[in-house]
Amino acid sequence: MNDSDITRRRALALSGVAAGAAVGLGVTSCSSDDDSDIQAAASGSASASGTASDICVLNGSVTEGPYYLDGALFRKNITEGKEGVPLMVKLTVLDQTDDCEPVKDAAVEIWHCDAWGYYSGYTTTGPGGTSVPEESEDTSGANDKTYLRGYQTTNGNGVVEITTIYPGWYTPRTTHIHVKVHTGGKKADDTYEGGKVNWTGQLFFDDKYGDEVYKTEPYSQHVGTWTKLDDDMVYAGGGAKDGLMTITGSVDKGFTGTLTVGIDPDKENTGAGSGDGGSPPPGGGSQPPEPPTGQPSGSPPAMPSGASPT
């Protein structure tokens, strides 16, 4: 994260970190210079009365990518029957400008590709690789305008949980999940209206998890070489402060990915226009990819007609 991304630093007692760990959340953007202290607090091995302090920093925003759609639905489970390794995304949203106090009722929105690398709303865009089934071959019954997109609001502790699957991959990006944190708006017609986007980010995974997941069905039907974390065009290499989640679980039982996000509720960052986000190159996939230069055909039910990607 660049120094310009950090608007303010606040001291936190390790007891606060331990309290966050008690609800099962990884300590990330509110981190100290000594990672060993934070790891100890997160695991419960540090005393709740410890006197060491953390430095709470503002998470830097990145591109929203080319596959964003307005009007995602409010729901805890966004899979719509899509097959893949189960994943629970757990995020804690904190106000970096107010001693890292939890942000209640923030609307957290995530979206990502399916096990073959396709995004809902853009299912004719080939994900690259040597070969991949066409999205029309999917038998899950998922709505191809809405799957793997959704909102949930944070509770009084700033915590949100969303059930999904481990994402697939597409050329030339590493495995990732897109996320926006909205405040000041309201729920209307099963989606979110008004307010502002305070943070646009991406969530990442250590490569070792993809090495395991992509050997299993249905991921293994997408043949090719996926981009590793160090070679990604968006991941800045800073670990948790740049979106690298703490992952627990297994391929057999499913994973939980946790991250703590510091935001400035008074500022807006939509992520639009700040990068291409890695749209598939021409010639990738088993069908000719169509660069996402406009709205997908049709409109999601009970949703606005969509937004032109940037």
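**Entry 1: Thr-200.** I located Thr-200 in strand β10, residues 191-204 (strands are DSSP E runs of at least two residues, numbered from the N terminus). The model is predicted, so I note that local features need pLDDT of at least 70 and side-chain atom pairs pLDDT 80 or more, while totals for chains, interfaces and linings use all residues. Residues are numbered from 1 along each chain as its sequence is written, and side-chain values use heavy atoms, without hydrogens or water.

I found Thr-200 buried, at a relative accessible area of 0% (buried is under 20%, with a 1.4 Å probe and protein chains only). Its side chain forms a polar contact of 3.2 Å with the side chain of Lys-180 (N or O atoms within 3.5 Å, one able to donate a hydrogen and the other to accept it; residues adjacent in sequence count only if both atoms are side-chain atoms). A polar atom of the Thr-200 side chain also lies 2.8 Å from the backbone oxygen of Thr-270.

**Entry 2: His-112.** I placed His-112 in the loop between β6 (107-111) and β7 (149-153). His-112 is buried, with a relative accessible area of 1%. I recorded a polar contact of 2.6 Å between the side chains of His-112 and Thr-164.

**Entry 3: nonpolar cores.** I looked up the largest nonpolar core, which has 40 residues; Tyr-166, Leu-203 and Phe-255 touch the most other members (a core joins buried Ala, Val, Leu, Ile, Met, Phe, Trp, Tyr and Cys residues through side-chain atoms within 4.5 Å). Among the elements giving two or more residues to this core are β4 (86-95), β6 and β10. A second, separate core of 13 residues includes Trp-111 and Tyr-122.

Conventions. Helices (H or I, at least four residues) and strands (E, at least two) are DSSP runs, numbered from the N terminus. Buried means under 20% relative accessible area, exposed over 50%, partly exposed in between (1.4 Å probe, protein chains only).
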